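I opened my notebook to look up a few places in this structure. My notes follow the order of my searches.

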Amino acid sequence: MEETAARTEVGLDNIWHEIDKLGLQHYIEHLDTHGYTVIPPEIANPNGLTERILEACLDIAERRNGERPDLVRGKSRNADSPIGDGMKALLLEEPVFEEALMNPALLAVSTYLCGYDVVLSSLSSHMKGPSEIPFRLHTDTRLPSPLPPQPLLCKCIYALTDFDREHGSTAFVPGSHQWGRNPVGNETAIGEGGSNEAVPAEAPAGSLIIFQGSTWHGAYNRVTQGLRASVHLLMVRSILRVTEDFYDRIPEEVLARNSARFAILTQQGVIPPYV
């Protein structure tokens, strides 16, 4: 692999042992070249993790909305959203979400991108049905162009059901993370009249999709019956303001059953300003 800014960052020597041990070299190469990668279930789904995450999401949706989502025949409750029905603040709902955060493959790649002080900014789910509303290309860095060369954040998506174009998968423009800017005008459209360079993320259920914040991405519309289910973890460098404030809000029993790394990831080791 060629040297990259992320690879040469101070303090990341140890991550290469983890990447090698987990067999992630090929996926890191794809990430460096294309700005995203799809880690297959045989690596990303230890002990049936995604199946248990999916059941937890269905249980929570039923508790919150009074109705269990129908993955086979269901539609989005929010028909006006191109990303379907979202549920936020899931980390402390079920212990399986702690496992989702501590998945070795997810930690290795997010650490590779954002360093050992990376923290969890948010953990949410989406259930997306058929829609004709476009979800345009954008970046998650949320800064004006030009974008910084170092990734400030990354998104980790558990594909709980199959991802492909027909099922409304995420769309990526390969290599766009190297352009250092946001899409503008017609560049934000996917397909005819817009970015014909966008490609769907092909990811069977149980896969883990990871991309860095500067990669242009959106989504294809789902054209088949039923729901595409996913869980999203936004991982950010600790210098950034997080979406969910976990500081001093994680119960002691949760901290006790996890490693010290979990405490750092959930902001317990980050000293807030003005204390």
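Where is lysine 75 found? I located lysine 75 in the loop between α4 (49–65) and β2. I keep in mind that this is a predicted model.

**Entry: lysine 75**

I looked up the accessibility of lysine 75. Its relative accessible area is 69%, and over 50% counts as exposed, so I wrote down "exposed". Next I looked up its contacts. Leaving aside neighbours within four places in sequence, lysine 75 is in contact with Asp85 and Leu227. I also checked glycine 129, which is 54 residues from lysine 75 along the chain. The C-alpha atoms of these two residues are separated by 4.7 Å.

**Entry: the largest pocket**

Rolling a probe the size of a water molecule over the atoms shows where empty space is left. I noted about 870 Å³ of space in the largest pocket. How many residues line the largest pocket? I found 34. Those nearest its centre are Ser122, Asp140, Arg142, Lys155 and Leu234.

I sorted the lining by type: 13 residues are nonpolar, 13 are polar and eight are charged.

**Entry: aromatic pairs**

I searched the whole structure and got four aromatic pairs. In one of them, the rings of tryptophan 179 and tryptophan 216 have their centres 4.9 Å apart. Their planes stand at 85°, and over 60 degrees counts as edge-to-face, so I recorded this pair as edge-to-face. The pair links distant parts of the chain, 37 residues apart. Tryptophan 179 sits in the loop between β6 (170–172) and β7 (199–200). Tryptophan 216 sits in the loop between β8 (208–212) and β9.

Are the two tryptophans buried or exposed? Tryptophan 179 is partly exposed, at 38% relative accessible area. Tryptophan 216 has 3% relative accessibility and counts as buried, because the cut-off is under 20%. I also noted a cluster: ring pairs link Tyr36, Phe172 and Phe211.

**Entry: nonpolar cores**

In soluble globular proteins, nonpolar side chains tend to be buried together. Here I found 54 residues in the largest nonpolar core. Ile53, Phe97, Tyr158 and Val231 are among the residues that touch the most other members. I followed isoleucine 53. Not counting residues up to four places away in sequence, isoleucine 53 touches Val96, Phe97, Ala100, Tyr158, Leu160 and Val231. Another core, of nine residues, lies apart from the largest one. Its members include Ala159, Phe163, Phe172 and Ile209.

Key
Residues are numbered from 1 along each chain as its sequence is written. This is a predicted model: local features need pLDDT of at least 70, side-chain atom pairs count only at pLDDT 80 or more; totals for chains, interfaces and linings use all residues. Side-chain values use heavy atoms; hydrogens and water are left out. On a 1 Å grid over the protein atoms alone, a cavity is a set of points where a 1.4 Å probe fits but cannot get out, and a pocket is an open set with protein on both sides within 12 Å along at least five of seven lines; lining residues have an atom within 4 Å of a point. Grid points are joined across faces, edges and corners, and a volume is the space filled by probe spheres set on the points. Ala, Val, Leu, Ile, Met, Phe, Trp, Tyr, Cys and Pro count as nonpolar, Asp, Glu, Lys and Arg as charged, and the others, Gly among them, as polar. Rings of Phe, Tyr and Trp (its six-membered ring) pair if their centres lie within 6.5 Å; planes under 30 degrees apart count as stacked, over 60 as edge-to-face and the rest as tilted. Helices (H or I, at least four residues) and strands (E, at least two) are DSSP runs, numbered from the N terminus. Buried means under 20% relative accessible area, exposed over 50%, partly exposed in between (1.4 Å probe, protein chains only). A nonpolar core is a set of buried Ala, Val, Leu, Ile, Met, Phe, Trp, Tyr and Cys residues joined through side-chain atoms within 4.5 Å. Contact means heavy atoms within 4.5 Å.
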